[in-house]
Amino acid sequence: MSFYDDMAGVATELLTEFNQGSVQLKRETPGVVDPDQPWVPIEPTVETWPLNAAVRRVSQKYVDGTLIVATDNQVTFAVPAIVPAMTDTLIVDGVELAMKDLRPIPPAGTVVAYIAFVAG
């Protein structure tokens, strides 16, 4: 077992202990169109996963003034059941938010947590 495998467990424990509000990861997958009936609308598949997360104002070190601004929020969450993607959204206390940026911690190797930046 590597150092980062151990750290993944520690990150999950800490983010579970300091969990704030309700944070979920939402993934919407478009439906498959029936080639015999392309006029029939297909409902997308929506899945959500609860996250152990902490939400706070963005740290000044991440503010670039263009993509990430001082009024944004930073969501730090433990590794969920699936690998998150930029096309996913976060639901924070019932409000759906698009991610501006998504960064794994650490950037290479075994991921122990993620930081997502959303509008504040």
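This report looks at the salt bridges in a predicted model.

## About the model

Because this is a predicted model, local features need pLDDT of at least 70 and side-chain atom pairs count only at pLDDT 80 or more, while totals for chains, interfaces and linings use all residues. Residues are numbered from 1 along each chain as its sequence is written, and side-chain values use heavy atoms, leaving out hydrogens and water.

## What counts as a salt bridge

Side chains of opposite charge can pair when their charged atoms come close. Here, a salt bridge is a side-chain nitrogen of Lys or Arg within 4 Å of a carboxyl oxygen of Asp or Glu. How many salt bridges does this rule give? The count is 5.

## Linking strands S1 and S6

One of them joins Glu-96 to Lys-26, at 3.0 Å from N to O. Glu-96 sits in strand S6 (residues 95-105) and Lys-26 in strand S1 (residues 23-29), so this pair ties together parts 70 residues apart in sequence. Strands are DSSP runs of E, at least two residues, numbered from the N terminus.

Is Lys-26 buried or exposed? Lys-26 is buried, at 15% relative accessibility, whereas Glu-96 is partly exposed at 43%. Buried means under 20% relative accessible area, exposed over 50%, and partly exposed in between (1.4 Å probe, protein chains only).

## Two further pairs

Asp-72 and Lys-100 also meet in a salt bridge, 2.8 Å from N to O. Asp-72 lies in the loop between strand S3 (53-57) and strand S4 (73-78), and Lys-100 is in strand S6, 28 residues apart. Asp-72 is buried at 2%, while Lys-100 is partly exposed at 28%.

Arg-103 pairs with Asp-101, their closest N and O atoms being 2.8 Å apart. Arg-103 is partly exposed at 31%, and Asp-101 is buried at 17%.

Note on methods
Helices (H or I, at least four residues) and strands (E, at least two) are DSSP runs, numbered from the N terminus.
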